[in-house]
Amino acid sequence: MRSTAPRLARILACGAVPVMLVATGCSDDSGSKKKDSSSSSSASSSASASPTVKAAAFSKIPEACKEISTKTVEKLVPNVNEKNGKVLKPPRSGSSTSCLWNGTDDDDLKDMQYRSLTIEVNVFPSHPTFGSGDQRATAFVTQEADKAAKAEGAKNVKTGTADGVGDQAATVKAESRKGGDNYRDQRVVARSANAVVTVQYDGAGFQGAKSPNADDLLKLAEAAAKEALASIAAANK
């Protein structure tokens with residue numbers, strides 16, 4: 001009896017080892033599963049918490065070359081070549097377009113006056129990565145004004161702002177010489193919410209005629225910008 005007792009104790013001790021290992025293994029598995037479940041839940045909730053931005057006010061643009069009225073076109077461009085304008089940039093995804101009108105008032109051969117008017121419209125949608133439509137439009141105003149001020153051949157450049165034209169408006173007055181004639185170039189970049197209107201209005205006196213007054217041209221360009229912004233608001237009603 002004495003010889004069998006130690007042997008039995010050794011057998012029981014050896015048999016207990018696998019049980020302990022299994023128990024430990026189960027305990028590790030369980031802890032691992034809890035950790036995985038916890039991190040998975042955390043990743044899921046952070047993915048669903050995507051950034052939100054202010055909704056854009058405008059999503060549509062006016063019909064190409066319909067940003068301003070025919071009456072306004074005739075006022076800014078006497079003896080206009082095409083009253084309906086020339087589409088320079090066909091509407092792209094309903095968010096951008098531009099149109100050109102030009103003409104030479106040669107009724108008085110001693111005072112031949114040339115005028116060119118280009119209006120571009122851009123509407124910026126809100127984007128969770130790039131920001132709200134208003135923010136993107138604001139940045140575009142600065143970008144366009146800076147580009148006009150640094151245009152090749154531009155001289156005597158003067159930058160400023162225009163009160164009462166949308167939420168924000170930058171102006172650029174410059175002079176240039178093309179084909180032996182002196183031009184007065186005016187640029188108005190105006191924003192209303194997430195929409196931006198860029199008006200480029202140029203004038204020159206041909207065959208030695210007096211150059212147009214830059215301030216007068218700028219006032220007309222500002223009026224055209226206001227009308228174009230109103231057209232965008234109307235298109236989105």
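The model is predicted, so local features need pLDDT of at least 70, side-chain atom pairs count only at pLDDT 80 or more, and totals for chains, interfaces and linings use all residues. Residues are numbered from 1 along each chain as its sequence is written, and side-chain values use heavy atoms, with hydrogens and water left out. The chain holds 4 helices and 7 strands. Helices (H or I, at least four residues) and strands (E, at least two) are DSSP runs, numbered from the N terminus.

**Overall fold**

- From the N terminus on, the order of elements is α-α-β-β-β-α-β-β-β-β-α.
- The chain has 237 residues, and 38% of them are buried. Buried means under 20% relative accessible area, exposed means over 50%, and partly exposed lies in between (1.4 Å probe, protein chains only).
- Of the contacts between residues at least 6 apart in sequence, 57% join residues at least 24 apart. Contact means heavy atoms within 4.5 Å.

**Nonpolar cores**

- In soluble globular proteins, nonpolar side chains tend to be buried together.
- The largest nonpolar core has 32 residues. Such a core is a set of buried Ala, Val, Leu, Ile, Met, Phe, Trp, Tyr and Cys residues joined through side-chain atoms within 4.5 Å.
- Trp101, Leu117, Ile119, Val197 and Val199 have the most contacts inside this core.
- At least two core residues come from each of α2 (70-76), β2 (96-105), β3 (112-123), β6 (181-192), β7 (195-206) and α4 (214-235).
- Helix α4 gives the largest share of this core, 8 residues.
- Beyond its neighbours within four places in sequence, Ile119 is in contact with several residues, including Ile68, Trp101, Val197, Val199 and Ala228.
- A second, separate core has 10 residues, among them Phe124, Phe140, Ala145 and Val189.

**Helix α4**

- The 22 residues of α4 should span 32 Å at 1.5 Å a residue, and its end C-alpha atoms are 32 Å apart, which agrees. The expected span is 1.5 Å times one less than the number of residues.
- Its buried residues include Leu217, Leu218, Ala221, Ala225, Ala228 and Ile232.
- The buried residues of α4 pack against α2, β3, β5 (168-178), β6 and β7.
- Asn213 caps the N-terminal end of α4, with a side-chain oxygen 2.9 Å from the backbone nitrogen of Asp215.

**Aromatic rings**

- There are 4 aromatic pairs. Rings of Phe, Tyr and Trp (its six-membered ring) pair if their centres lie within 6.5 Å; planes under 30 degrees apart count as stacked, over 60 as edge-to-face and the rest as tilted.
- Tyr114 and Phe206 are stacked, at 5.4 Å centre to centre with 15° between the planes.
- Tyr114 is in strand β3 and Phe206 in strand β7, so this pair ties together parts 92 residues apart in sequence.
- Both Tyr114 and Phe206 are buried.
- Tyr183 and Phe206 have ring centres 6.5 Å apart and planes at 70°, so the pair is edge-to-face.
- This pair links strand β6, which holds Tyr183, to strand β7, which holds Phe206, across 23 residues.
- Tyr183 is buried, with a relative accessible area of 10%.
- Ring pairs link Tyr114, Tyr183 and Phe206 into a cluster.

**Single residues**

- Lys66 sits in the loop between α1 (4-48) and α2. Lys66 is partly exposed, at 49% relative accessibility.
- Lys66 and Ser231 are 165 residues apart along the chain, yet their C-alpha atoms are separated by 8.1 Å.
- Ser96 lies in strand β2 and is buried, with a relative accessible area of 0%.
- The side chains of Ser96 and Asn122 are joined by a polar contact of 3.0 Å. A polar contact is a pair of N or O atoms within 3.5 Å; within protein, one must be able to donate a hydrogen and the other to accept it, and residues adjacent in sequence count only if both atoms are side-chain atoms.
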